[in-house]
Amino acid sequence: MRGVYFKNMKWQAAIKVDKKQIHLGTVGTQDEAARLYDRAAFMCGREPNFELSEEEKNELVKYTWDDFLAITRNTITSKKQRKVGSLRHNKADLFIGDTEMVNGGGSSNSDDGDVDTSVS
């Protein structure tokens, strides 16, 4: 797939613009990276890996290239921070749950911490 590569055990998306490679973001799956590239390709007038919906195209035409990059990177960063925060919270839940079990009470329920990292 164009604009997608696997590096440091993560999927990354990038596109070349004016002879410069621009890192678009690091995501969890190859499909997410391809779709991230596809939105950037649309913004640059290039062929995507997958066809974008009319809704996506109509949303993208509202932005300049710089706005698109800022929004894309902010969205990915926000989702990573939520995921890290969620994982820390879950570890605290597990510790509290173990303490309750040792003291003879209760059980612990924890979320698995999965967060959707797709960018739309």
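The dialogue below goes through a predicted model and the rules behind its labels.

Mentor: Because this is a predicted model, local features need pLDDT of at least 70 and side-chain atom pairs count only at pLDDT 80 or more, while totals for chains, interfaces and linings use all residues. Residues are numbered from 1 along each chain as its sequence is written, and side-chain values use heavy atoms, with hydrogens and water left out.

Trainee: What makes up the secondary structure of the protein?

Mentor: There are 3 helices and 3 strands, in the order β-β-β-α-α-α along the sequence. Helices (H or I, at least four residues) and strands (E, at least two) are DSSP runs, numbered from the N terminus.

Trainee: How do you know that strand 1 and strand 2 pair?

Mentor: Two strands pair if DSSP finds at least two bridges between them. Strand 1 and strand 2 have 4 bridges, in the antiparallel sense, so they meet that rule. Phe6 stands opposite Trp11 in strand 2. The two strands form a hairpin with 2 residues between them, and Asn8 in the turn has a positive phi of about 55°.

Trainee: Why is the pair Arg2 and Glu47 called a salt bridge?

Mentor: The rule asks for a side-chain nitrogen of Lys or Arg within 4 Å of a carboxyl oxygen of Asp or Glu. For Arg2 and Glu47 the N to O value is 3.9 Å, so the pair falls within the cut-off. Side chains of opposite charge can pair when their charged atoms come close. By this rule the protein has 6 salt bridges.

Trainee: Why is Glu47 called exposed, and what is Arg2 called?

Mentor: Buried means under 20% relative accessible area, exposed over 50%, and partly exposed in between (1.4 Å probe, protein chains only). Glu47 has 58% relative accessibility, so it counts as exposed. Arg2, at 37%, counts as partly exposed.

Trainee: What links Glu51, Glu54 and Lys57?

Mentor: A network of salt bridges links them. Glu51 meets Lys57 at 2.7 Å, N to O, and the closest N and O atoms of Glu54 and Lys57 are 3.6 Å apart. Glu54 and Lys57 are 3 residues apart in helix 2, so about one helical turn separates them.

Trainee: Is Lys57 buried or exposed?

Mentor: Lys57 has 18% relative accessibility, so it counts as buried. Glu51, at 60%, is exposed, and Glu54, at 52%, is exposed as well. Buried residues make up 28% of the 120 residues in the protein.

Trainee: What makes a set of residues a nonpolar core?

Mentor: A nonpolar core is a set of buried Ala, Val, Leu, Ile, Met, Phe, Trp, Tyr and Cys residues joined through side-chain atoms within 4.5 Å. The largest one here has 18 residues, and Ile15, Leu24 and Leu36 have the most contacts inside it. Strand 2 (10-17), strand 3 (20-27), helix 1 (30-44) and helix 3 (65-102) each supply at least two residues of this core. Helix 1 gives the largest share, 6 residues.

Trainee: What does Leu24 touch?

Mentor: Contact means heavy atoms within 4.5 Å. Not counting residues up to four places away in sequence, Leu24 touches residues including Ile15, Leu36, Leu69 and Ile76.
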